[in-house]
Amino acid sequence: MVLQSSGLSKIKDSLTQKIFLGNEPNAELIAILTVYFVQGILGLSRLAVSFFLKDELLLSPVEVSALLGIVFLPWMIKPVFGFISDGLPIFGYRRRPYLILSGILGTASWVSLATIVHTSWAATLAIALGSLSVAMSDVIVDSLVVERARGESQAKAGSLQSLCWGASAIGGLITAYFSGLLLQYCTTRTVFGITALFPLIVSGVAWLIAESPVSKDTKDSNHTNPLAIKDQLKQLRQAITQKTIWLPTVFVFIWQATPNADSAFFYFATNELHFEPEFLGRVNLVGSFASLAGVWIFQRFLKSIPFRVIFAWSTVLSSMLGMTMLLLVTHTNRLLGIDDHWFSLGDSLILTVMGKIAFMQVMVLAARLCPPGVEATLFALLMSVFNSAATVSHAFGALITYWLGITATNFESLWLLVVITNLSTLLPLPFINWLPAAEEQTETAKDSEQPFLPDLMSELVLRESESKIVE
């Protein structure tokens, strides 16, 4: 009996170390991972949204780019959700009720897309509501991760973040291929109806969050009373007025705000290359595998690499690889004997791995920055800066697409858009010294009283290039 008990204990310890990366599995951890998992699985509707806007609402590439900029707004005001969560508990709870509400909002948005949405404005409102749902749940679950991660040793730094984003990647992996396959046999509205079921899971697991009413938290060392709004603003002001914080923030905003050609290229892939939804689902599947690979590579090899090194190399390599799209838009790949489909798959794989590695560094440092009591607020403020830049990026992309005369059927100038968008990503490199140097990174990592203040913002420059469940 003793031997059997010892064997079970070893199995549990092995699972804890290898599956949960050293984090003790409990109900709350499962709830946190489930929320991230749902964020990934909502990718089931990503292709359906794109085809719905293109084929049913008949929007142009410019209009789709503009719409994506609008529906990304909830990610720009994430600090508002942080203030509300930290300072305005519902029935004494700061986290659980807001997770429940976010799930209900998400279901309402997808149900409306499946039933009553017939105009571009209604679609914008419904998709924005879905974006609001994910942004709200993201703020709450990020704050829970921050509270846990603050107690991590340096040796375990990033393990919880890696676990969470791994859960998100697995969710995306499960639905990636089916996002295209379903469109081969079902309408977009049917896909929206199926997607509407998943946000309810977030509402359900919210009850597993181990949270005591704020009035009882004063004796609990693992929880802190929410600070008054005035105190929150004071702490935020003290952080963001530091040059070591706002200078890297401005740098990253500029880097993230460079224009992108995503909407135009989707129209090119479907209208010119005639990629079917099922194949685009395969591309998503490859991207999900690449995300998991990026999480593993970061956790295994890259956590201690200096920020400037990773940022510089990832920027240059991404720009060079992005230029290979010229071969596709000019059909040169066909002359080289490379099929359009294989070319697209390989390019997507490499760029996604690099993007996920970069974003994992963001999450580690973001968790280290937030002071007790304003976890959700400050974390959300930092991330909203980059989400705002993404909105600017969509706007610039739409403007350049319009100037070049690119439409749903005219792709003569698409090569120039590819050149402009890829070269623009190199513009911030002359200012890379705005980021902390390697020695500053090391010194800050050793300072347990001032957890990673400069380092966090510099790592946030490595914001993942893909959207989060508008993405």
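Is Ser179 buried or exposed? In this predicted model, Ser179 is buried, because its relative accessible area is 1%, under the 20% cut-off for a buried residue.

**Ser179**
- Ser179 belongs to helix 9, which spans residues 159-185.
- A polar atom of the Ser179 side chain lies 2.5 Å from the backbone oxygen of Ala176.
- With neighbours within four places in sequence set aside, Ser179 contacts Gly43, Leu44, Leu47, Gly281 and Asn284.

**Helix 3 and helix 10**
- Helix 3 (residues 46-56) packs with helix 10 (residues 188-195) at an angle of about 150°, and their axes are 9 Å apart.
- Helix 3 is therefore roughly antiparallel to helix 10, since angles over 145 degrees count as such.
- The crossing of these two helices is left-handed.
- On the helix 3 side, Ala48, Val49, Phe51, Phe52 and Glu56 take part, and they meet Thr188, Arg189, Val191 and Phe192 of helix 10.
- The residues of this contact comprise 6 nonpolar, 1 polar and 2 charged.

**Helix 4 and helix 14**
- Helix 4 (residues 61-71) and helix 14 (residues 262-272) have axes 8 Å apart and pack at an angle of about 135°.
- That angle makes helix 4 oblique to helix 14.
- The crossing of helix 4 and helix 14 is right-handed.
- Pro61, Val64, Ser65 and Leu68 from helix 4 meet Ser263, Ala264 and Tyr267 from helix 14.
- The contact of helix 4 with helix 14 has 5 nonpolar and 2 polar residues, and no charged residues.

Terms used: Residues are numbered from 1 along each chain as its sequence is written. This is a predicted model: local features need pLDDT of at least 70, side-chain atom pairs count only at pLDDT 80 or more; totals for chains, interfaces and linings use all residues. Side-chain values use heavy atoms; hydrogens and water are left out. Helices (H or I, at least four residues) and strands (E, at least two) are DSSP runs, numbered from the N terminus. Buried means under 20% relative accessible area, exposed over 50%, partly exposed in between (1.4 Å probe, protein chains only). A polar contact is a pair of N or O atoms within 3.5 Å; within protein, one must be able to donate a hydrogen and the other to accept it, and residues adjacent in sequence count only if both atoms are side-chain atoms. Contact means heavy atoms within 4.5 Å. Axes are lines fitted to C-alpha atoms, for helices over the stretch in contact, and angles run from 0 to 180 degrees between N-to-C directions. Angles under 35 degrees count as roughly parallel, over 145 as roughly antiparallel, 65 to 115 as roughly perpendicular and the rest as oblique. A crossing is left-handed if the near helix is turned anticlockwise from the far one by less than a right angle, and right-handed if clockwise. Ala, Val, Leu, Ile, Met, Phe, Trp, Tyr, Cys and Pro count as nonpolar, Asp, Glu, Lys and Arg as charged, and the others, Gly among them, as polar.
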